[in-house]
Amino acid sequence: MNNFCKNLIAYVFIGFFSFKGFGQDQRKADSLINVLSNGHHSDSVKLTLIAEIAFHSNSPDQIIKYGTKALTISKALNQEMKIAQSHVHLGDGHRLKGNLTLAISNYLKAAEFYNAVGEIIGVSTVYSNLGNVYLTEGNYENSRRYFNKAIDIFRQEKDTLKLASTLMNAGELFRSSGELDLARNAFKESGEIFDKMDYSLGTAYNLGNIGLVYAQQGKPELAEENMNKAIAILERFGDHYPIAVYQTSLADIYVERGEFNRALEYAENSLAIGIEEGLKEQIRDASLKLSELYKVVGNSDQAYTHLKQYVVYRDSINNEETIRKMADLRTEYEVAKKQTEVDLLTDQARLNRIVSWSAVFIIALLLVLTLALLKIYRIKDRAVRIVRKRRRVIAAQRNQLDQVNKTKDRFFSIISHDIRGPVSNFQGISGLINIMAESKDTKGLKQLGTMMETSAREVSVLLDNLLEWALSQEGKIPYHPEQIDLNELCQSNLNIMANLAAAKKIKLEAEKGQEFFIEADRNSVSTIIRNLLSNAIKFTPEGGLVNLDIRREDDHGVIIVKDSGIGIPQEKIEDLFSFKGIRSQGGTKGEKGIGLGLSLVHEFVGLNHGRTEVASEEGKGTTFKVYLPLFINKNRVQSAPSSET
C-alpha cells in the first residue's frame, strides 16, 4: 500500500454539525405548507404557520425562504418577539448553507430584539447558535465562550431541552478540539436528558456524535453501530444534514478496513445530500473525501474534479474577507450593546438624581411628621401605661380580696360545723347533770365530768388555735428569736399532752437526743410541738404509739413526731397545710378538727426560717419532720482566745 493510502487509513475525519433546533420534522413542515396554501388566513395566523414551517424544516433553502416571509410579516405587525425568532430562523438557514457572515448578522439582530423585550431564553438561544457558527469557523475560543453563556442561563432557567441541545453542540466543540473526555461527558448528559424526555431526534443526534467520538478513538465497530442507529432515526424525520456528516465518517471507517468501493458509496451519498440541500460544509468535506478515495483507486480525473470542488467551497466558507466580516459584525454588536448600556446608565443617573432629591424632600417631611407623631404617641403611651398599671394593681387587689373572702367564708363554715359538736355536748351534758344529781348517780356524774373535760379541752384548743391564726393573718404574732434548749421545750410540751394520750390509752414516748440549742421564737415552737402531738394522738387508735424525737442534722435541729395512726392519703398531702379540699375529718374516737393546727404549724415553721417534711402510709402511720436553725454563739466566735501568750 502506498504512502497516501497509509495516511488515508490513519486519518480519521473530524466532521462537524450542530443540533439546529428542537422540533425538526420535515413531515410537519410539508403538512403546514399544505395548510398555508389551501385557504385564506389573517396575517397573524399566516405568520404563525410560516414561523412553524421554518422551525420544523430541515432544508436550509426552505428555512431561509420562510424565515424571510416571517420577518416581513412580523415587521409589518410590529411584533418584536416574532422579528427576533425570524432572524434566528434566517441565521440557522445561512449557517447550514455555510454563509457564516449572514448567519452571525441575523443571530446578532435576533439578540438585539430579544434584549429589547427582556427575553433571556431567546438571548441564550442566540448564544448557543453563535457558538455553533464559531465552531464551524474553527474559532474554538469564541465558540466555548458562547456555549458556556448559554449553558449557564439554560441551567438557571431550568430549560432542559435547550440545555441538552447546547450540551450536545458543546460536545462537538470538545470533540473537534481533541478534548474527548469532555466531549463524552457532554454527550452523556445531553443523552440522558433526551432519553428522559423521550425526544427521538435529539437521541439520534447524540448517538451519531458519540459515534464520531468512537471513530476518533479508533473504535470503528462502535462508531459504525452508533451512526447507523442515528441514521435510521433521522431518515424517519427527513433530516439529511447529519446523515451526510455520518456517511462521510463511515466512509473513513471502510477505508480503514480496505473496502474502498463501500467507502466511495458513502462519500457519494454524503455529497449528493450536500448538493441537494445546499450544504456547503458537507459539499466541501465530501468533495475532499472523494478526491482522496479516487486517487487511491487510480481515477485521477475524478480525484482532480472533486479536489477543485473542495477548494472552491473551502474558500467560500473560510476566506479572509468572510472571517473579517464576521469579526466586524461581532465587534459592531458588542460596541452597539455597550453604547446602549452607556445611554441607559446616563438616563438612569439623571433619573436617580431626580429621585434622590425627591426622596430627600419626602424624607425631611416624613421626619417632621414622625417627630410630631412620636411626641403625641409618647404622651398617649405614658397615659396608657399609667392606666394599665393602675388597672393591674386594682385587679390584683380585687383578686386578693376575692381569695381572702373565699378563704374566710370556707374557714368560718368549717368552724361553725366543728364548734357545734362540743357546744352541743355541753347542752346535753347540762341536762343530764340535773337528772343524775336527782337520781344520785355518782358513777354517771363522773363519766359526764370526763366528757365535759374532753369537750372543754377541745374547745379550748380550738379557740387558742383560732386566736393564734387570726393574729398571724393580721401580722400581729410576736417573733422574738432566742436560744432554746430543744430537749427541755419538747419535754414540757410532752407533759401537757400526757393526759390527752392517756385518755385514749396511747403510749407517748420521747427519745432524749443530743443536747443542742436552736434559735427560734419559744411560743411559736411550743405551738408547733403541741399541734403535731395533738394531731398524732387524734388520728392514732387506742393502744397506739406516738413518738417524739429530736436530732441534729448539719446546721438544723430536727423535731420528729411519728405515730402508728391511720395515715394520710397521698393525694391529700399536697393540700395538708392549706384550706383547700375537705378539711374537717374526725379522729379515731370522733374527735373534731378543721385542720387549723397544721396550718399554724406551717406558718410558724416559716416564721422561724425552717421547713417541714411529711411522710405517710395509709394504715401504718405518719411522720412529721420540722427543721429549725441551730443557735450560733456569735459572741464566742468573736471572743475566741488569741494565740498570743
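Okay, ground rules. The model is predicted, so local features need pLDDT of at least 70 and side-chain atom pairs count only at pLDDT 80 or more, while totals for chains, interfaces and linings use all residues. Residues are numbered from 1 along each chain as its sequence is written, and side-chain values use heavy atoms, with hydrogens and water left out.

Let's start with helix α19, residues 486–503. Helices here are DSSP runs of H or I with at least four residues, strands are runs of E with at least two, and both are numbered from the N terminus. For the 18 residues of α19 that gives 26 Å, and the end C-alpha atoms are 26 Å apart, which agrees. There is also a kink of about 40°, centred on Met497; the bend is the angle between axes fitted to the seven residues ending at a residue and the seven starting there.

Now the ends of α19. Asp485 caps the N-terminal end, with a side-chain oxygen 3.1 Å from the backbone nitrogen of Asn487. That is a polar contact, meaning a pair of N or O atoms within 3.5 Å; within protein, one must be able to donate a hydrogen and the other to accept it, and residues adjacent in sequence count only if both atoms are side-chain atoms. Just after the helix, Lys505 takes a positive phi of about 55°.

Which residues of α19 are buried? Among them are Leu486, Cys490, Leu494, Met497 and Ala501. Buried means under 20% relative accessible area, exposed over 50%, and partly exposed in between, using a 1.4 Å probe and protein chains only. Residues three or four places apart in an α-helix point the same way, because there are 3.6 residues a turn. The buried residues of α19 pack against several elements, including β1 (481–485), α20 (522–538), β4 and β5.

Take Leu486 from that helix. Leu486 is buried, at a relative accessible area of 1%. Leaving aside neighbours within four places in sequence, Leu486 is in contact with Phe516, Ile518, Ile550 and Ile559, where contact means heavy atoms within 4.5 Å. The C-alpha atoms of Leu486 and Glu519 are separated by 9.6 Å, and these two residues are 33 apart along the chain.

On to the strands. In β5, residues 556–563, seven of the eight residues are buried. Which strands pair with β5? Strand β4 (545–553) runs antiparallel to β5, with eight bridges, and β7 (621–629) also runs antiparallel to β5, with seven. Pairing needs at least two DSSP bridges. Lys562 of β5 stands opposite Asn547, and Lys562 also stands opposite Thr623 in β7.

Most residues other than glycine have a negative phi. Asp554 is not a glycine, yet has a positive phi of about 55°. Asp554 sits in the loop between β4 and β5, a hairpin with two residues between the strands, and is exposed at 74% relative accessible area. His609 is another non-glycine with a positive phi, about 60°. His609 is in the loop between α22 (596–607) and β6 (611–617), and is exposed at 59%.

Methods. Expected span 1.5 Å × (residues − 1).
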